[in-house]
Every structure is written in structure tokens, then in C-alpha cells.
Amino acid sequence: MDASFVSQMSCICVGPKRAGKTHLLKALENPDCIDETTYSMPTNGTNIFTINLSTRLPNAANPTEKKQTDLNDEKNSNEVSGATELKNKRPKAPLKCIRVLEIGGAMAPLWRQYYEKVSKIIYVVDTSNLCQISAAGVLLYSILAEPRLQRCRILLVLAKMDYAYRQMRNEALLMLQISKLQKEIRQQLTIVEASAVSHVGFGAIYAWLQIP
Ligand SMILES: Nc1nc2c(ncn2[C@@H]2O[C@H](COP(=O)(O)OP(=O)(O)O)[C@@H](O)[C@H]2O)c(=O)[nH]1
Ligand SMILES: [Mg+2]
């Protein structure tokens, strides 16, 4: 694939090795293609997924599903008032389709080569892997601190929520030091608990992906 095309994609998906990125993106592309028995090979390099959003409007999401939480209340309220302002002008239409570039966890030292045109980042953390969560927090911090990514929207996905032995949301956020991070960051951070197998969190993820 043309390297310059890949490095120009506006939505990327990153996170440590085996965090569940490929599984999640495959399931978002086609919810029926993943179950408990599906196995993904580790991604060496990159994958591109095309997610069709036109048939997956947020209102179609499971109404019992927990709503996505924006951490930065102040920024959030700014955004809401900004959104009202925009309404009076010319609101951008929600996206009907989005292409997401997954960059393998083994390529973490090279992630920065893909930041040039990025406006959205999906960051996936495996909540069932205790050993990995703190390291995932350090990698996340390196993204949040990157000067080229200060205006990005970040979706933090707490993945593999179907596992009984996963970390609970608050424990995972504590290990990622999110409350400390949110005091320092400028990005709009949205947190979603998700599972590629049970499709928990998909409504919130589709809604986030639709934001132009
Ligand atoms: N039960 C469960 N297992 C998952 C889920 N997502 C990923 N996995 C498992 O974790 C492995 C690694 O996932 P993968 O998507 O390849 O991770 P990646 O390296 O971040 O792309 C997969 O082979 C699955 O066995 C999930 O939501 N639920
Ligand atoms: Mg992968």
C-alpha cells in the first residue's frame, strides 16, 4: 500500500499489542464476524478498516447501554455551547462512513510517523491484562503530549469488557492515571467500555465516529 496514503489517514487506532484493536475494528465493520472463538493474528504493520455508519445511527444503539462519558466537564460544556453556536451557523453533517487505520502495538516507536493529518484517535486498552494497563497509560500519555495531536479527539476504549476477570472501569481508569492526566490535557477525551464479542459500547463508539 502507498505509504503516503496511510500516513494521511485522519482516524487512527492504536494501543498496546493484543489490546483488542483488530477485533474491535473488525466487529465495528461487521458485528457478526466476531465471537468468543475468533482469533486475530498480531498486526505487523497496519490494517485499514472501513466502517459504515449510515446504518448504525446512535439512536439505533442499545438503549440500556451505558452512555459514553466525557471526562473533561469544562471542555465538554464549552463544546456544547460551541455546538449550539455552530447550529446557528452551518452544522457539519455526521459522517456516513469512516476509514480507520490500525497501527500495530509492536510499532509503538513508529506511531508518531502517522500523526500528520490525524484528527481522531481510538486508543484501546485491554482491561483483562493487569500487567499491561500501566504501560498502556504511559503510551497514552505520549500521545496526549504530542504537539501535533493537541486538537485531536481521543476515544479511550476499555476493551474486552465481556471477560469476568477484567478490571472494573474505575480501577482501570485509576491504573491509567486518567484523573491526573485530564488536568493537564487539552484534547477532548471520551471513555467507552466495550467488547468486540458482546458489542457492549458499540452505540457510543459509532456515535463518536460519526462526529465530523
Ligand atoms: N473475549 C474477548 N476477547 C477479545 C476481545 N478483543 C480481543 N480479544 C482477544 O484478544 C486477542 C488479541 O486481539 P487483537 O484484536 O488481535 O489485538 P490487537 O493486537 O490490539 O489488534 C484476540 O485474538 C482475541 O482472542 C473482546 O472484546 N473479548
Ligand atoms: Mg491488531
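Me: Which residue in β6 is the bridge partner of Y123?

Reply: That's L156. Keep in mind that this is a predicted model.

Me: And in what sense do β5 and β6 pair, parallel or antiparallel?

Reply: Parallel, over seven bridges. β5 runs over 120-126 and β6 over 153-159.

Me: Is β6 largely enclosed or open?

Reply: Largely enclosed by the rest of the structure, because six of its seven residues are buried.

Me: What does V157 touch, leaving out residues up to four places away in sequence?

Reply: L24, I122, Y123, V124, V125, V192 and A194. V157 also shows up in the largest nonpolar core, which has 50 residues: along with I121, Y123 and V125, it touches the most other members.

Me: OK, switching to the ligand. How many residues surround ligand 1?

Reply: 22, and the closest are G20, K21, T22, H23 and S40. By type, the shell splits into eight nonpolar, eight polar and six charged residues.

Me: Which helix gives the most to that shell?

Reply: α2, residues 21-29, with three residues.

Me: Where does G20 lie, then?

Reply: In the loop between β1 (11-14) and α2. G20 counts as buried because 26 other C-beta atoms lie within 10 Å, and the cut-off for that is 20 or more.

Me: Which residue does the UniProt "binding site" annotation cover?

Reply: G105, according to an unreviewed UniProt entry. G105 lies in the loop between β4 (97-103) and β5.

Me: Is G105 buried or exposed?

Reply: Buried, with 21 other C-beta atoms within 10 Å. Leaving aside neighbours within four places in sequence, G105 is in contact with G15, P16, K17, R18 and A19.

Me: Last topic, α7. Which of its residues are buried?

Reply: F202, G203, A204, I205, Y206, A207 and L209. That's seven of the nine residues in 202-210, so α7 is largely enclosed by the rest of the structure.

Me: What do those buried residues pack against?

Reply: α2, β2 (46-52), β4, β6 and β7 (188-193).

Key
Residues are numbered from 1 along each chain as its sequence is written. Chains are lettered from A and ligands numbered from 1 in the order in which they are written. This is a predicted model: local features need pLDDT of at least 70, side-chain atom pairs count only at pLDDT 80 or more; totals for chains, interfaces and linings use all residues. UniProt positions are given in the numbering used here, feature names are shortened, and annotations may be inferred rather than shown by experiment. Helices (H or I, at least four residues) and strands (E, at least two) are DSSP runs, numbered from the N terminus. A residue is buried if 20 or more other C-beta atoms lie within 10 Å of its own, exposed if 12 or fewer, and partly exposed in between; C-beta atoms are placed from the backbone. Two residues are in contact if their C-beta atoms, placed from the backbone, lie within 7 Å. A residue is near a molecule or strand if its C-beta atom, placed from the backbone, lies within 6 Å of it. Ala, Val, Leu, Ile, Met, Phe, Trp, Tyr, Cys and Pro count as nonpolar, Asp, Glu, Lys and Arg as charged, and the others, Gly among them, as polar. A nonpolar core is a set of buried Ala, Val, Leu, Ile, Met, Phe, Trp, Tyr and Cys residues joined through C-beta atoms within 7 Å. Two strands pair if DSSP finds at least two bridges between them.
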